[in-house]
Amino acid sequence: MQASSTSPPAFSWDDWYSSVGGRTIKIVEVDEILYQIREYQYPKFKGALNQQQTVFENIAKASEAVKQKAFALGADEVGIAEIEATDIYKGREVNEKYAIVVGQRMLWRSFQEVPSQESAIECLRIYFSLGEIVIALAAYIRSLGYACTVEHPIGDSDVLHIPLALKAGFGELGRHGSIIHPKMGPLFRLGSVITDMPLAIDHPIDAGIAAFCDNCKACRIYCPAKAIPDERSVEAGKDHLGNYRYKVDTGKCFPYFAKHNYCSACLPVCVYHHKEWAKDFEGFKTKLFPAVDMQEPPTPVDPDIHKHKYPKLNR
Ligand code: SF4
Ligand code: SF4
């Protein structure tokens, strides 16, 4: 399947960073994890395919087996969606029909201060950890006799994880542009495995989160770059519930993000996160609300290069 005319072009982080004056984040641990992902994980994306195919009683049983495996590997959430042309980056071709989307939550204790080196390292730690899960999940699917492709949480992905995760029932899009899961809140990351293995799909949910966002503006108030909007935007299109999306101003967010440890302030201040924060105690002393270091934002830029524009979900 090819990307549709409304598919977004692949996002070029390198171009973005150079257009906003470069990435000034220098954290040894972050660089080390990026190195590990590139050198250690990327070569493990491919593997031998079992020529003897396991046939499941029905597609529900097949989905159950795949999900159980993902949870056993350390996923905090798993959902399955059918891939549509608008879920594929422009210029890419995807032959697989289904995406198994995997989420893993980040630790609340690492977001007690934002932006911070600790929160930046936690983002990368989860990217690596999710990478391990999708690589092992792909190996499992191949062992069942079905070909599949690893779509790592960072790197040269063919598909857009966020629209797929919305279709797979992960949650709803928040004012801050990230998915809010009813239990995990927004403090999690995504990766996928795509395959033709016959599977039962999940469905988008309406947990009242988007409606809640219309009255809550915590992320907007605490965004140091003033990038989070007051109103929904017709230009941003509708989400799966028929609401116009909130359109985060990436021309303001990214220059800040690039200079301040990937910022991330909008995630831990999101009130939806606090429903689960207590689970992160495990003996660690944590606060209910993070300290947000709000520095003067750099001059907004809006480079003339491609951005993510999530297409309307036709559901
Ligand atoms: S990452 Fe920071 S700058 Fe960007 S939208 Fe969130 S709070 Fe604002
Ligand atoms: S902080 Fe409030 S407005 Fe922002 S995404 Fe979370 S719930 Fe929605």
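## Basis of the report

The structure is a predicted model.

## The largest cavity and ligand 2

The structure holds one cavity of 30 Å³ or more. The space in the largest cavity amounts to about 70 Å³, and ligand 2 sits in this cavity. Among the elements around ligand 2, α6 (209-213) and α7 (218-222) give two or more residues to its shell.

The shell around ligand 2 includes the cysteines Cys-213, Cys-216, Cys-219 and Cys-270. Also in this shell are Arg-175, His-176, Ile-180, Phe-212, Ala-218, Val-271 and Tyr-272. By class, nine residues of the shell are nonpolar, one is polar and one is charged.

The lining of the largest cavity can be listed as Arg-175, His-176, Ile-180, Phe-212, Cys-213, Cys-216, Ala-218, Cys-219, Cys-270, Val-271 and Tyr-272. To this lining, α6 and α7 each contribute at least two residues. The lining residues divide into nine nonpolar, one polar and one charged.

## The surroundings of ligand 1

Around ligand 1 lie Cys-223, Cys-253, Cys-263 and Cys-266, together with Pro-224, Ala-225, Ile-228, Ser-264 and Ala-265. Eight residues of this shell are nonpolar and one is polar, with no charged residue present.

## The second largest pocket

Which element supplies the largest share of the lining of the second largest pocket? Strand β4 (residues 148-151) does, with three residues. Sorted by class, the lining of this pocket comprises five nonpolar, two polar and two charged residues.

## Strand β1 and its pairing

Is strand β1 (residues 77-82) largely enclosed or largely open? Five of its six residues are buried, so strand β1 is largely enclosed by the rest of the structure. Buried here denotes a relative accessible area under 20%.

Strand β1 pairs with strand β2 (residues 98-105) in the antiparallel sense, over six bridges. Within this pairing, Glu-77 has Gly-103 of β2 as its bridge partner. As a general point, the side chains of a regular strand alternate between the two faces of the sheet.

How values were computed: Residues numbered from 1 in each chain as written. Chains lettered and ligands numbered in written order. Predicted model: local features only at pLDDT ≥ 70, side-chain atom pairs only at ≥ 80, totals over all residues. Heavy atoms only, no water. Helix = DSSP H or I, 4+ residues; strand = E, 2+ residues; numbered from the N terminus. Nonpolar A, V, L, I, M, F, W, Y, C, P; charged D, E, K, R; others polar. Near = heavy atom within 4 Å. 1 Å grid on protein atoms, 1.4 Å probe; cavity = no way out; pocket = protein on both sides within 12 Å on 5 of 7 lines; lining within 4 Å. Sits in = over half its atoms within 2 Å of the grid points. Points joined across faces, edges and corners; volume = space filled by probe spheres on them. Buried < 20%, exposed > 50% of the residue type's maximum accessible area, 1.4 Å probe, protein only. Pairing = 2+ DSSP bridges.
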